[in-house]
Amino acid sequence: MAEYQGYTIKQNPDTGKWEIFWQDKKQEGEYARQADAEEWIDDQFPLNR
């Protein structure tokens, strides 16, 4: 589990994919790598583009 930009990124033990949570609510999508999840989070902030 990792914290990034206020989001929580967790690896699903059943699928091995990474999931993103905001205030304990799962966000859309599953990611093969933690870095892919971090990219999705970066895309949510216009200043990071």
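Guide: A residue is buried under 20% relative accessible area, exposed over 50%, and partly exposed in between, with a 1.4 Å probe and protein chains only. This is a predicted model: local features need pLDDT of at least 70, side-chain atom pairs count only at pLDDT 80 or more, and totals for chains, interfaces and linings use all residues. Residues are numbered from 1 along each chain as its sequence is written, and side-chain values use heavy atoms, with hydrogens and water left out.

Visitor: Why is Gln5 called partly exposed?
Guide: The relative accessible area of Gln5 is 41%. That value falls between 20% and 50%, so Gln5 is partly exposed. Gln5 sits in the loop between β1 and β2, and has a positive phi of about 55 degrees although it is not a glycine.

Visitor: What makes Gln23 count as exposed?
Guide: Gln23 has 63% relative accessibility, which is over 50%, so Gln23 counts as exposed. Gln23 is found in the loop between β3 and β4. Its phi is positive too, about 50 degrees, and Gln23 is not a glycine.

Visitor: How many helices and strands does the protein chain have?
Guide: There are one helix and four strands, in the pattern β-β-β-β-α along the sequence. Helices (H or I, at least four residues) and strands (E, at least two) are DSSP runs, numbered from the N terminus.

Visitor: Why are β1 and β4 called edge strands?
Guide: Two strands pair if DSSP finds at least two bridges between them. The four strands form an open sheet in the order β1-β2-β3-β4, with antiparallel pairing. β1 (2-4) and β4 (25-26) each pair on one side only, and are therefore the edge strands.

Visitor: How do you know that β2 and β3 pair?
Guide: Four bridges join β2 to β3. The definition asks for at least two, so the two strands pair. As an example, Thr8 has Phe21 in β3 as its bridge partner.

Visitor: What makes up the largest nonpolar core?
Guide: A nonpolar core is a set of buried Ala, Val, Leu, Ile, Met, Phe, Trp, Tyr and Cys residues joined through side-chain atoms within 4.5 Å. Here the largest has seven residues: Tyr7, Ile9, Trp18, Ile20, Tyr31, Ala37 and Ile41. At least two residues of this core come from each of β2 (7-11), β3 (18-22) and α1 (34-43).

Visitor: Which residues does Ile9 touch?
Guide: Contact means heavy atoms within 4.5 Å. Leaving out residues up to four places away in sequence, the residues that Ile9 touches include Met1, Trp18, Ala37 and Ile41.
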